[in-house]
Amino acid sequence: MSETTASGSTAASASSRPVVIGESATARGRRARIALRGLQVLLALFYVIASALPKLIAHPTAAEGFNEMGWGSTGMYVIGALELAGGIALLIPVLQSVAALALSGLMVGAFVVTLTYFNGENAATPLILIVPLALIAWARRGHNAELLRLLRLERRRA
């Protein structure tokens, strides 16, 4: 009888607590974690394949845009490398939140560039991408403490 009461009270307290996307053991939390992970994989694929790759292989459409801005191939390769690094970091647990924040900053820059150099053509794309990136940064924020701990530990070793 005490087991029934204990499990009943545990179930009641578990259902009254808010679901934390990053760490919940409930079925709803598990589905949320899976959906978030799927979103991270999709965004990582987008940044690596659709965004970084054309810049890193100097596809004519990417090169044309960077030349029009006056940034040339150097700017194109730097932005491509940043997108590639961010896309990969979205898949590394300790870097997920920081990567999402960094890519959000890159998207703010892309929005400004789109408005100033290309008269706002496709300006909504970077803004749309900021929304899921902000969600990832918030949901995975718990990993930031672990990253800081690792960085402090490494600094002590040096």
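A: Buried means under 20% relative accessible area, exposed means over 50%, and partly exposed lies in between (1.4 Å probe, protein chains only). The structure here is a predicted model, in which local features need pLDDT of at least 70 and side-chain atom pairs count only at pLDDT 80 or more, while totals for chains, interfaces and linings use all residues. Residues are numbered from 1 along each chain as its sequence is written, and side-chain values use heavy atoms, with hydrogens and water left out.

Q: Is Asn-119 buried or exposed?
A: Asn-119 counts as exposed because its relative accessible area is 74%. This residue sits in the loop between H5 and H6, where helices (H or I, at least four residues) and strands (E, at least two) are DSSP runs numbered from the N terminus. Although Asn-119 is not a glycine, its phi is positive, at about 55°.

Q: What value is phi of Ala-58 near?
A: Ala-58, which is likewise not a glycine, has a positive phi near 55°. Ala-58 lies in the loop between H2 and H3, and with a relative accessible area of 30% Ala-58 is partly exposed.

Q: How many helices and strands are there in the chain?
A: The chain holds seven helices and zero strands, and reading along the sequence gives the pattern α-α-α-α-α-α-α. Of the 158 residues in the chain, 29% are buried. If we look at contacts (heavy atoms within 4.5 Å) between residues at least 6 apart in sequence, 62% of them join residues at least 24 apart.

Q: At what angle do H3 and H4 pack?
A: Two packed helices are described by the angle between their axes and by the distance between those axes. Here helix H3 (residues 60–69) packs on helix H4 (residues 72–89) at about 120°, and the axes are 8 Å apart; the axes are lines fitted to C-alpha atoms, for helices over the stretch in contact, and the angles run from 0 to 180 degrees between N-to-C directions. That angle makes H3 oblique to H4, given that under 35 degrees counts as roughly parallel, over 145 as roughly antiparallel, 65 to 115 as roughly perpendicular and the rest as oblique.

Q: Which residues in H3 meet residues in H4?
A: On the H3 side these are Ala-62, Ala-63, Phe-66 and Asn-67, and on the H4 side they are Gly-72, Ser-73, Gly-75, Met-76 and Ile-79. By class, this contact of H3 with H4 has five nonpolar, four polar and no charged residues; Ala, Val, Leu, Ile, Met, Phe, Trp, Tyr, Cys and Pro count as nonpolar, Asp, Glu, Lys and Arg as charged, and the others, Gly among them, as polar.

Q: Which residues are buried in H4?
A: The buried residues of H4 are Gly-72, Gly-75, Met-76, Ile-79, Gly-80, Glu-83, Gly-86, Gly-87 and Ala-89, and they pack against helix H2 (27–56), H3 and helix H5 (96–117).

Q: Is Ser-104 buried or exposed?
A: Ser-104, found in helix H5, counts as buried because its relative accessibility is 10%. Leaving aside residues up to four places away in sequence, Ser-104 touches Ile-130, Leu-133 and Ala-134. Ala-110 is also placed in helix H5, but at 25% relative accessibility Ala-110 counts as partly exposed.

Q: Which helices do the buried residues of H6 pack against?
A: They pack against H2 and H5, and the buried residues in question are Pro-126, Leu-129, Pro-132, Leu-133, Ile-136, Ala-137 and Ala-139. Helix H6 (residues 124–139) has 16 residues and reaches 24 Å from its first C-alpha to its last, close to the 22 Å expected at 1.5 Å a residue.

Q: How far apart are the axes of H2 and H6?
A: The axes of H2 and H6 are 11 Å apart, and the two helices pack at an angle of about 130°. That makes H2 oblique to H6. The residues making the contact are Leu-36, Leu-39, Gln-40, Leu-43, Phe-46 and Tyr-47 of H2, together with Leu-129, Pro-132, Leu-133, Leu-135, Ile-136 and Ala-139 of H6. By class, the contact of H2 with H6 has 11 nonpolar, one polar and no charged residues.

Definitions and conventions. Expected span 1.5 Å × (residues − 1).
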